[in-house]
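Welcome! Please take a moment to look over the model below, and then let us walk through it together.

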Amino acid sequence: MAENETLECITEHERILQEIESTDTACVGPTLRSIYDDQPNAHVRFMEKLDARIRNHDREIEKMCNFHHQGFVDAITELLKVRTDAEKLMGQVTDTNRRLQEAGREVTAQTGEVIRCRIQQRNMATTVEKLQLCIPVLEMYSKLKEQLESKRYYAALKTMEQLEKVFIPRVSQYRFCQIMAENLPRLREEIKEISMSDLKDFLESIRKHSDKVGETAMRQAQQHRTFNSAVAKQASASHYTTPLYSLNGQTHTHNSLMMDDDAEYEDDGDEEILTAQDLVDFSPVYRCLHIYAVLGDRETFENYYRKQRKKQARLVLQPQANMHETVEGYRRYFNQIVGFFVVEDHILHATQGLVTKAFTDELWNMALAKIIAVLRTHSSYCEDPDLVLELKNLIVIFADTLQGFGFPVNRLFDLLFEVRDQYNETLLKKWALVFREIFELDNYSPIPVETDDEYNLVVSRFPFHDAEIEKQDFPKKLPMSQSVPQIYMQVKEFIYASLKFSESLHRSSTEIDDMLRKSTNLLLTRTLSSCLQNLIKKPHIGLTELVQIIINTTHLEQACRYLEEFITNITNVSPETVHTTRLYGLSTFKDARHAAEGEIYTKLNQKIDEFIQLADYEWSMAESDGRASGYLMDLINFLRSTFQVFTHLPGKVAQTACMSACKHLSTSLMEMLLDTELKQISMGAIQQFNLDVIQCELFASSEPVPGFQGDTLQLAFIDLRQLLDLFMVWDWSTYLADYGQPTSKYLRVNPATALTLLEKMKDTSKKNNIFAQFRKNDRDKQKLIETVLKQLRSLVNGMSS
């Protein structure tokens, strides 16, 4: 085993030595460490082995040196021989070099000169080449400066783009190019700021020029509309000719009324019409748009432009506080709005995307809502119909102008219907003053005509035809007063004024006809009717005036059909059309006439009351005067003269007035007898009262107003007659016996009335001994009176229960 271990150790040491010999010295450490990590004292044996190996190698080196030593000595000997020849050669070379240097010194000098020239030539060529690269850059930069000085900013931006992308990259190594490249962004910002400043100046300019642009556009639209209207009129002239009518002392036709609306802008028709492009320089917008597009910031420009225009739109839409006072205020307002949207329409079509159709529609919808609100407010302040009419004409031209640029304007025409109502209201107020003035200046007496010319003048102004009056000789009188033809003419004037608003509304003849009829109905049923009612209620209007008013309203009522024909002639719409509105003049004048009739009845009764108040009966008189009272005779004379005037009243008005007066007189006389403040009545007073009632009956039987049948009018006094007969005849037995019978002689005598009057007479008999002779001659008669009183009280109590 010891031998085996020794053999293994020797083998291991041999391997380690081979490894040391074959590996790098840096890796020897781990190999040597393995010797110490092995068996104890192994390193001693290894050292021995290593020494043996070293000695072996020394022997091999010595053998090798011994083998090559002779060759080495021979080589050294030969080298020493060559040394002498080498020194000799060196001397020859040195001499040759010296002579060569001396011979080539001049050539060297000339060669250096040639080299220097060649270098200069090369440098010049390089310089020319580089300059040829730099010159275009400098030329482009110079061109850029010129473009900036001449304010050709869009071209300048294009030049910058070429400098950056083409020219500067070729010579970017030069400092001046670097400076140029650094300046270009700053120049772009300057161009941006300058173009934005130009845009702001442009926006300010168009704000100032909007008025003129709008005026020009509206004038063009008006001339176009006038031309179309003239062509249409010329085409229709061959079909019919509308009749002539008088308006404010001037002769007009239906067409002339339409032409009045065009007068505002036709005066300048011969002047050269300028377009928006002629009035506004749009180049700043185009330049700025192109510049921002080139700079890649178009969206910012578009947003800024739209924002500013929205602000300007709000300013334009804000009216002046006193705009409603004059038509010029409205005209300036419309001109500015039209100018604004004409500019926007031009920008929309002249640029691509700066403003869009959606943006302009949004602006227009906002503007339209504001315009309608403003016009509603300001038109409501206007009380002058002429100003409202001019406003309507401006709205029509305004709408036509913007419609020509593609903006929807239906809501404006709808607004015109509201303005039309306002216009009608102002017309009604104006005509109310006209009617009041006519009524105040009227003398309420028939119109006297002295000559045929005067008659024809009245007939030409009012459709009056009466065969009997025409046959009469001059001078003669027409039944109506002077207010009737004036009212009729003013109604026609109102129709013309209303028609002027209906023109140019793009409505059919049927719709215009309906508008005219409705507005005329308002005039008749509201304005004229109100004026008539107020006139009738005025305290200074007497019975004669009321009679004339009734006559006047009758003639005006008859003239309503001529007003219908008048409207038909204007609009050429047949009155037989299904939806044609009828005039309500008949009801208006009937209502006025009924009010006048009622006022006649009231005033007549008031006059009767005034006469009754003059009555001064001596209720305790022993016997009557034998003649009727003076106040009553005056009253009857007044009624006779009044009813003579009533003969001119139409229908049964006079009869009704007469019957009403008689009934009121009868009632007043009855109330006088039954007055609670009257405590005593003598038989003499009853007899005197009976004489007055007889005069009333005689008046009723004299037929003060023709048309009554039999004793109809006398029946108004039947209650008084039966009551007085009962007391005058003293026929109580018949009254009490026949009470409640239809054939009773005293059927109209009420027991309560009889009881009241009898008690007043009873009290008188007790104090004045009026019945003394009856008590002496026949005491039974006094008992009869007591019995009658009891029976009358019984009848009254029976009626109340």
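Predicted model: local features only at pLDDT ≥ 70, side-chain atom pairs only at ≥ 80, totals over all residues.

Helices (H or I, at least four residues) and strands (E, at least two) are DSSP runs here, numbered from the N terminus. Alanine 156 counts as buried because its relative accessibility is 0%. The scale behind that word calls a residue buried under 20% relative accessible area, exposed over 50% and partly exposed in between, with a 1.4 Å probe and protein chains only. Which residues is alanine 156 in contact with, leaving aside its neighbours within four places in sequence? They are Leu144, Gln147, Leu148 and Ile191, where contact means heavy atoms within 4.5 Å.

Residues are numbered from 1 along each chain as its sequence is written, and side-chain values use heavy atoms, with hydrogens and water left out.

Now step back to the whole protein. It has 29 helices and four strands, and 42% of its 801 residues count as buried. Among contacts between residues at least 6 apart in sequence, 79% join residues at least 24 apart. The protein exposes about 44300 Å², and 52% of this comes from carbon and sulfur atoms; such areas are computed by the Shrake-Rupley method with a 1.4 Å probe, and for residues only the protein chains shown count as cover.

Phenylalanine 202 gives an example of parts of the chain that meet. This residue belongs to helix α5 (residues 175-237) and is buried, since its relative accessible area is 3%. Not counting residues up to four places away in sequence, phenylalanine 202 touches Val280, Asp281, Phe282, Pro284 and Val285. Valine 280 is 78 residues away along the chain, yet the two C-alpha atoms are separated by 8.7 Å.

Next, look at charged side chains. Side chains of opposite charge can pair when their charged atoms come close. A salt bridge here is a side-chain nitrogen of Lys or Arg within 4 Å of a carboxyl oxygen of Asp or Glu, and the count by this rule comes to 29. In one of them, arginine 207 pairs with glutamate 204, their closest N and O atoms being 2.8 Å apart. Both residues lie in helix α5, three residues apart, about one turn of the helix. Another salt bridge joins glutamate 102 and arginine 98 at 3.5 Å, N to O. Because these two are four residues apart in helix α3, about one helical turn separates them. Glutamate 102 is partly exposed at 46% relative accessible area, and arginine 98 is partly exposed at 41%.

Aspartate 719 and arginine 748 meet in one at 3.1 Å, N to O. This pair is 29 residues apart and links distant parts of the chain, with aspartate 719 in helix α25 and arginine 748 in the loop between α26 (732-738) and α27 (751-768). Back at arginine 98, salt bridges that share partners join Asp95, Arg98, Arg99 and Glu102 into one network.

Phenylalanine 474 and proline 475 are joined by a cis peptide bond, with omega about -5 degrees, and proline 475 lies in the loop between α16 (467-471) and β4 (476-478). Tyrosine 444 is not a glycine, although its phi is positive at about 50 degrees. Tyrosine 444 is found in the loop between α14 (410-441) and β3 (447-449), and its relative accessible area of 8% makes it buried.

Finally, visit the surface. Phe72, Val73, Ile76, Leu79 and Leu80 form a nonpolar patch with about 480 Å² of accessible area together. Patches are made of residues with over 30% relative accessible area and no salt bridge, joining like charges within 9 Å and nonpolar side chains (Val, Leu, Ile, Met, Phe, Trp, Tyr) within 5 Å. Leucine 79, in helix α3 (residues 42-149), counts as exposed at 57% relative accessibility.
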